[in-house]
Amino acid sequence: MYLNRFYKINSTLNNLSLHLRRFLATQNVNKVALYFQRARLIDSIRLTLRSNCSDNIITNLENPSLDSFVVTKALQSAPTPDSALSLIENLKKIPDFSHTHNTLYALAKILAKAREIAKLKALINAINSGKFVNVARVSYMDQMRWYGISREFNEVVRVWDEWRTTLKKHPCTESYNVVMGLCVQEGKDSDAVRVFYRMIEEGALPNCRTYTIIIEHLVRMRKLDSAIEIFHMLPHVRIKRTLKQYSDLVEALTISNQLDVVKILLDQMRSDGILPVRAMLWSLQQMQNAGYDAETNELLRDMLPDGRIKKIGYSMDSGEDDSDDEDEEIDCEHTNAVDQPHLKPWLDPASLANALRNWAAEEVSALEDAKLVWTNRLVCKMIRSFKSAETAWQFFCWVACQPGFTHDIYTISRMITRLARDGCVDLVDQLLSKVEREGIQLSFSTIRLIIDFYGVSRNGDPALRVFKSVKTICGRISRSSQLLLYSSLLRTLIKCNMNSDALHILEEMSLLGIVPDLHTYSGLMNHFALHGDIKTVQRLFGMVRQSGIEPDAYMYKVLIHAYCKCGRAALALRVFEDMRNSGLLPDANTKQLLVKSLWKEGKLREAASVEERTEEINDALPLALPGHMFTVSSTDLSRVYNIYSNSFQSTCS
């Protein structure tokens, strides 16, 4: 009964007929012109939803340009869940409109925000029962996200448990993040810590959002030292630091009057190529009041409202409003009439980039006619949104000639890394040469991304060239940053099967006194083991011993697998003994492989001994904290867990 309040299901024939008419009508339409036509309609709907003039909503919905794209974006930018639901209700009066995957999912998110659980369940059941044409079943992950938004903890856990029973392995990392984040919101401190432990125990690799949740949790509970300690570990475990992490820490440290630490964070944020947002405005103003003018002036200037950007009012007389990359925030300071909303024009960089994907002359002309206000933040978003690096490069060159715009370090860095990811070596070299000529120094994180992306695109030689030019294009970097850069280069070289070059770089590190970290060694050992080069694996393990690094469970696992696969079970057994003496146990798969290899080589007594010494835990071998090649070691994960759990020791005991 809930569904009848929101939408009407048209027949399959009507849906096909409607889509065919729209397809034929838009075949010869300039895609950029169509984008701006839709954008104006979205703005009209947004303004209507923010005003008391509900009579105008039907007029907007009867516009020939109305389609599922317009409805989806209007729903996403609605000021309140009630206004969004009123839009859905009014759509019932539009005979030619039918819901799609995007509009239904936008509706589900709105119901979740409004905590309309019964209606949300009814919508999910309707989709899963096939009542909508060409709309796939709702995934477990989407259900968890929606119930997480509505803070329905029991429903999230129910869906998670149901999902886990259908899998033979652990679910995706994001599912742990949803449960963990909800625990933090609900004040379930010990449960949040236990979910993180369960994640690493079951072999799910914590990602950027996992660490954001941990830092947010620690900041919320005023455990700032622990939050900063984990934050500083992120580059070492190859996790990108995010704007949300910086924003939470900067605000908390400003409140606690640790402005010197805030200054360090701002420098690191600039080095990471992250632009500040308005949520940091108060903290920066406090810094400025305390005398940190040099550190804050440029950042504050970037956050002040751009006077070139016009606001749209209720009357839509102008069809070509200037746009910025910030979305639908109402600017009360620029409101000239009571109850008359003013807000920035709607702009979706991803949709605009998609409309420009062919970079046709008529589409570029339509873009120029729109007279958008190009900010550095918007240009960065556009570069990121293009599916083709070549098109992104055409846009990058075009926007450089637009009035009032000049590329800065952020847009240049974004363009270079985008080109490197797609293997556009010549264009990267061209842009790097220009950077060198103009004396611009790129950040260490940008250089590292270039090298990492060259590994993705299998361009080892260009990666070596960039690495050798790092002092010219980046300046001096710290010893810890050198280690990370060497590690990225080694990973890229073995991805490109440049094994001899990788070993040469390893020797260079030894001469400079730079010791690779545990997971770099593990990654190299695993690579050479897969290629059957046991001598190099043994040599690398000897280097680990000589450097004083204590092997973790994952490194032992790599060794055991390498020896077993080349018929050297006796050596694998010796590694097993070393592992036991270090207080570690193999996971179930590694134990089974070792026992099978010993049996195959006729070492029955040794195989039985391995079985006996691993039966002491009732055949339920604990999964050793997993290591991941070139990213994070079990030692790192143990350290993060210890910092996190010890911060809530009283609640976790």
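**Repeats from the record**

I started with UniProt, where an unreviewed entry lists "repeat: PPR" at residues 172-206, 482-516, 517-551 and 552-586. Those positions are in the numbering used here, the feature names are shortened, and the annotations may be inferred rather than shown by experiment.

Before going on, I noted that this is a predicted model, where local features need pLDDT of at least 70, side-chain atom pairs count only at pLDDT 80 or more, and totals for chains, interfaces and linings use all residues. Residues are numbered from 1 along each chain as its sequence is written, and side-chain values use heavy atoms, with hydrogens and water left out.

I looked up two of the listed spans. Residues 482-516 come out as 80% helix and 0% strand, with 10 Å between the end C-alpha atoms. For residues 517-551 I got 74% helix, 0% strand and end C-alpha atoms 11 Å apart.

**Whole chain**

How many helices and strands does the chain have? I found 37 helices and zero strands, taken as DSSP runs numbered from the N terminus (helices are H or I, at least four residues; strands are E, at least two).

Next I checked burial. Of the 653 residues in the chain, 53% are buried; buried means under 20% relative accessible area, exposed over 50%, and partly exposed in between (1.4 Å probe, protein chains only). The accessible surface of the chain is about 30600 Å², and carbon and sulfur atoms hold 49% of it. Those areas come from the Shrake-Rupley method with a 1.4 Å probe, and for residues only the protein chains shown count as cover.

Then contacts, meaning heavy atoms within 4.5 Å. Among contacts in the chain with a separation of 6 or more, 70% join residues 24 or more positions apart.

**Two asparagines**

I went looking for positive phi outside glycine. N134 has a phi of about 60° and sits in the loop between helix 8 (117-128) and helix 9 (140-149). N134 is exposed, at 71% relative accessible area.

N257 also turned up, with a positive phi of about 65°. Its loop runs between helix 15 (243-255) and helix 16 (259-271). Is N257 buried or exposed? N257 is exposed, with a relative accessible area of 60%.

**Cysteines**

Last, I checked for disulfides, counting a pair of cysteine sulfur atoms within 2.5 Å. The count is zero.
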